[in-house]
Amino acid sequence: MQDKKTNSRFPVTRRGFIAAMGTGAAAVLAAGRLPVQAAPEETVMDPSEMHKITLRINGRTRRLLVEPRWTLLFVLRERLGLTGAKAGCERGECGACTVLINDVPRYACMTLAVEAEGADIVTLEGLMAGEELGAVQNAFLEEDAFQCGYCTPGQIMAVEGLLRKTPDPSEDEIWRGVSGNLCRCGAYTHIFEAVKRVAGTRRGRS
Amino acid sequence: MTKKEEIDLYFAEDLAVPETPEPGESPDPWGSTRVVGTPMPRVDAYERVSGAALYPSDHTAPGMLHGAILRCPHPHARVKAVNTGKAEGMPGVRAVISGKTPEADVQWAYSGGVKTGLFDPVCRFEGETVAAVAAETPHQAWDAVRAIEVDYEVLPFVADERKALQSGAALVHDAGNRVKEDTYSRGNVDKGFQEADVVLEESFRTECEIHTPLELHGCVASWDGDLLVIHESTQGVYAVQQKVARVLNLPLSKVRVIGHYLGGGFGSKLQPGKYTVIASILAKKAGRPVKLFLTREETFLCTGNRPPSNMTLKAGVKKDGTLTALEFSVLGTGGAYPAGGTSLVDWLIRDLYTCPNVRTRAVDVYINAGPARPFRAPGHPQGAWALEQMMDSLAQAVGMDPVELRLKNIPATSQGREGNPPFTTTGLKECIVQGAKAFRWDERKKEIEAASAKGPLRRGVGMAACLWIAGGGGPPSTVIVKVFSDGSVNLNMGASDIGTGTKTVMAMVVSEELGVKADVIQIEHADTGTTQYATPSGGSKTVPTEAPAVRSAAIDAKRQLLGMAAEDLGTEASRLVFKGEEIVSRDDPSSRVRIKEISGLKKRGVVVGVGYRGPNPEGKVVSPFAAQFCEVEVDTKTGEVRILDFLGTNESGRVMDRLTFDNQVFGGITMGIGLATTEVRVLDENRTGKMLNRNWHDYKLPTALDTAPRMVSRPVEMPDSEANNTGAKGLGEPVTIPTAAAVANAVHHAVGVCVTRTPLNPTRLSALFAENLKEG
């Protein structure tokens, strides 16, 4: 994703900013840093050619042939069978496709697969320890923090990213932490409870 | 409710609804329960949070192609020519179909029975289908769609329902833009207004909302010989099967529809779309499975909406708070085809409060926009927006508290129906009284009114109440419960779990009856090939329809097991009871047999219990009731509204699972906050007729920052022993009906301004403040 220069005539809005950055915005804000990448080399890829790339996903190295226009989301779902990341809008609006890229929640639909080379990518499947649920997944189960479950993988990844950076978030940080992820069923109340449960459990341990 | 009324309800519209066989002896309602009513995490929670749940859009098949649809970019146009030549030769393209493809020459009926071609030469709304492609990747399919050349004759359009009946308005259909006019009246309205001490009249409008469930609409279609298999994101597999079979002229047995999971529907997935048929035809033509899920933009145009409502309500009240007359009219539109543009908008005016004299009129018109589909509690939130704001205005006019005025007019019967039948249970009063107490309505109202206002922030509290017309469910439903030789159980039912926790509630019912733990109950559901008939999951009727059938099936299996155990123990079945994993004699606790040791069961391998949904009570109405209370903070400088907290009370009969119950309440409130404050479909009514905000950036859903940060659910539990054998009524719709009106009432309490039009956002409030508020 290119780092666009701000034009003073067209200030960057919050949601516009999210889309431009391709991230779970609030989690990034909570993380206190922006995933600004170094200005990319001006390389032009031949769109008609397949390109060989290597992705590091959930600790495994995957070698793939991709078209330059394929998003990370498309590759995860349709080429690797990692359907935890969901397609909701494919234009950076809903967050159903949120994955962690170098520990930061990012929209996989706004990230080209070729851009994700070299990064450490974690999907919902990567939070599992074998067949055991991860802590955030377990809290979502206990608190009934979902209804249809379709936005849930993205919500869980946004929460995971939030807690990796901010282990003991305030209420406001929790609300902002998942504000880049739409839930049409409106399970937000229970999602807030799930985040508090994980944070509380971890506090109890330490 | 009469048979006729049930079949006319939206969840059964156009659906052949068979009769369920009469069940055997109907069991008595539960006394105390062990499992039902507890807060139980969902039986499929692991699948949903681990990523193991395969939603239809996750489905893949060997050799699967990807489909894409070319849609008309104009709100009204005639397709003069389609040239697919270039598209057919493009890389990866395996099938292209359009109006001139013989296989695609089939008739499609929108609701209301108006037929069009699958690719009709006349496109009456932006987003109507023109051609479709299947290719190796979605990118290639879209490349090919863009390469199809279409010659359109662009026709005049009408995009604003308020102008559809004006002379000179463009005609959506040759016969005119009026779909229908419904009228209703009881008593003598004019006399009622004469008897009133106060008569108020106000106009209201709610904007068109789009469902936008997170999972896109679509399916994966494949052919196994002459069997069409469809994995569809749907609320009702049998509804999809019936429609696709009819359109493609196939026997029902040759259309298998599977929909184990779905990512939300809210009414927009009660039926298949043209996309389902298009995917099936592409799959046939290409000889390969085709995955066809719409883009988000397409779902804004052509997968339904909650129609806009233009309402006028005149109300008369006596000084003591007695309602004397209500007169209501609504103009609405279901878009370009008959789709219930004014459906049920007047129901709360007719049925919620005691009023002897009522007159309503509903005018439904066509415009050149996508057809509506049922949207969570069709008509009701719109009607509540008008009625519940009017109730507050009446209360103010006669100097009563809004709660007090409503309590003065609690109905004893369903006045909106012929013959005034009584409700089975009526929790309206309890919802209002208990809600007001839990919310501390009186105290909070007084505190706010006593506080001296400093700065631009003003606080206010508001409330609203409702009932939901359906929510009692009813036949048909058939359910099978199989008990295996080790005592574990398979539950087989046709219903979808649309996210409300259907599977979990049904497992709890089985667990309650058979004593088995939920983790050894396997559920097969939502598959026309392998599970029993069920109507779509909608209308808040799934629990009250399916749970009684599940209970009957479990009892049928239990009866057989008791009979087998009686043989082993040499006693009468009536002397035996289920106790956990054992069957024990009432007379002699040492006389017992473990279920997996029952010789009859071991010999047969499985016991099959069949349950049917019994009929609803004759001459009575089953409706759920609700009330909601909220507090808001309004910034009188910026027009911003912060919703501070919400409390919902729901009388839905018995609470089945407290965890999913509360979740429904909070979700319904969140969706109601969307109707109240953020959601509006914008059509360019002047120049192009196109939708201007067909994405989630420009059409805003409530996010975690827009919902109320604190919500409380207080069920009013009144197990309804007349409604059905589980005592449960529907919940999913009443939870969203009063929300928007409660927010508007709270804003009015805060700043004294009536916001009669949605969305109640800073743009609207700033303009109203400019008109109404004096500086300082």
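These notes cover confidence, fold layout and the A–B contact in a predicted model.

1. Confidence in chain A. The average pLDDT of chain A is 85. Of its residues, 79% score at least 70.

2. Elements of chain A. There are seven helices and five strands in chain A. Read from the N terminus, their order is α-α-β-β-α-β-β-β-α-α-α-α.

3. Packing within chain A. Chain A has 206 residues, and 54% of them are buried. Take the contacts in chain A between residues at least 6 apart in sequence: 64% of these join residues at least 24 apart.

4. Extent of the A–B contact. How many residues does each chain bring? Chain A gives 43 residues and chain B gives 43 residues.

5. Helices on the chain A side. Four helices of chain A each supply at least two residues of the side that touches chain B: helix 4 (135–143), helix 5 (152–165), helix 6 (171–177) and helix 7 (188–205). Which element gives the largest share? Helix 4 of chain A does, with four residues.

6. The residues of chain A that touch chain B include 21 nonpolar ones. The rest are eleven polar and eleven charged residues.

Notes. Residues are numbered from 1 along each chain as its sequence is written. Chains are lettered from A and ligands numbered from 1 in the order in which they are written. This is a predicted model: local features need pLDDT of at least 70, side-chain atom pairs count only at pLDDT 80 or more; totals for chains, interfaces and linings use all residues. Two residues are in contact if their C-beta atoms, placed from the backbone, lie within 7 Å. Ala, Val, Leu, Ile, Met, Phe, Trp, Tyr, Cys and Pro count as nonpolar, Asp, Glu, Lys and Arg as charged, and the others, Gly among them, as polar. pLDDT is the predictor's confidence in each residue, from 0 to 100. A residue is buried if 20 or more other C-beta atoms lie within 10 Å of its own, exposed if 12 or fewer, and partly exposed in between; C-beta atoms are placed from the backbone.
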